[in-house]
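Please look at the sequence and the structure before reading on.

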Amino acid sequence: MRLLLTNDDGIRAPGLAALAAELAALGEVAIVAPDRERSATAHAITLHEPLRVEEIKRNGRLYGHAVSGTPVDCVKLALVSLMPEPPDFVVAGINPGTNVGTNAIYSGTVSAAIEGAMCGVTSLAVSIAGPGEPDYAGAAAFARRFIQNLLAHDCPKGMLFNINLPDGPAAGVRGVRITRQGRLMFQEEFHKRTDPQQRTYYWLGGRLPEPDEGDDADSTAVRQGYISVTPLHYDLTDHAALDRLRSWSFE
Ligand code: MN
């Protein structure tokens, strides 16, 4: 079995190293990740400049390929050019900070997994809630068990899963909850400041509010101490609106 690992935090991120260490037990691991942090780049790709690729070594051995692009660039490049054969799984993460609710829309971690699924490869995005020290090893162990579960259940190829672990050691989680993507949004604020040339600039900040959705929402599960597993798709069609619109006359 082959696995492609990537992230949006950069190839040197500890969450990626934890995934690599754990998932090597399942098969051959290839790492193709951004050469620097590219969090919140969503599904962006690089068209107007070349992608540079650098081999990164650890302990004298090839660790992975660092790419001067976005997480989605990394998945595309890996699947189309760098990997001799397509992987069986794409795993993105492990991201420090949850990707629940509408955050999943902005997330480079989730988008890397979406790209994998779009290409027909079953893909996982894995993130951990703060503010505590992330238990990357525990989260990676869960990712491994989850993949083993997918194999045991003979899951169809190309499925997409957004996995979020609660704050604290993975050993302390209350269980796994299968959830829907919620609507939770950051409470955003722009910090208005002045630069040394006396020009005004704005810097986006904010915080994730307390979940106010049902127990079946991703954010609620994580807040209650459960691992949230959300099966996603990237078809943006409003299926409920199809019949209504089709009944209209646009003459
Ligand atoms: Mn990130």
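N95 counts as buried because its relative accessibility is 7%, and buried means under 20%. The model in which this value was computed is a predicted one. N95 is placed in strand β5, which covers residues 89-96. A polar atom of the N95 side chain lies 2.9 Å from the backbone oxygen of G97. When neighbours within four places in sequence are left aside, N95 is in contact with D8, D9, S39, T109, V126, S127 and I128.

**The manganese site**

N95 is also one of the protein donors of the manganese ion. The donors are listed below with the range of distances given for the group.

| Donor residue | Donor atom | Range for the group |
|---|---|---|
| D8 | OD | 2.1 to 2.3 Å |
| D9 | OD | 2.1 to 2.3 Å |
| S39 | OG | 2.1 to 2.3 Å |
| N95 | OD1 | 2.1 to 2.3 Å |

Along the chain, these donors follow the spacing D-D-x29-S-x55-N. D8 and D9 are both buried.

**The nonpolar cores**

The largest nonpolar core comprises 33 residues, and L5, V91, L124 and I163 have the most contacts inside it. Helix α5, residues 136-152, contributes the most to this core, with eight residues. Another core lies apart from it and has 13 residues, including V75, A78, M83 and V121.

Which residues does L5 touch, not counting residues up to four places away in sequence? L5 touches L16, L19, A20, L23, V29, A30, I31, V32 and V91.

Notes: Residues are numbered from 1 along each chain as its sequence is written. This is a predicted model: local features need pLDDT of at least 70, side-chain atom pairs count only at pLDDT 80 or more; totals for chains, interfaces and linings use all residues. Side-chain values use heavy atoms; hydrogens and water are left out. A nonpolar core is a set of buried Ala, Val, Leu, Ile, Met, Phe, Trp, Tyr and Cys residues joined through side-chain atoms within 4.5 Å. Buried means under 20% relative accessible area, exposed over 50%, partly exposed in between (1.4 Å probe, protein chains only). Helices (H or I, at least four residues) and strands (E, at least two) are DSSP runs, numbered from the N terminus. Contact means heavy atoms within 4.5 Å. Donors are N, O and S atoms within 2.8 Å of the metal (3.2 Å for Na, K and Ca); water is not among the atoms, so sites may look incomplete. A polar contact is a pair of N or O atoms within 3.5 Å; within protein, one must be able to donate a hydrogen and the other to accept it, and residues adjacent in sequence count only if both atoms are side-chain atoms.
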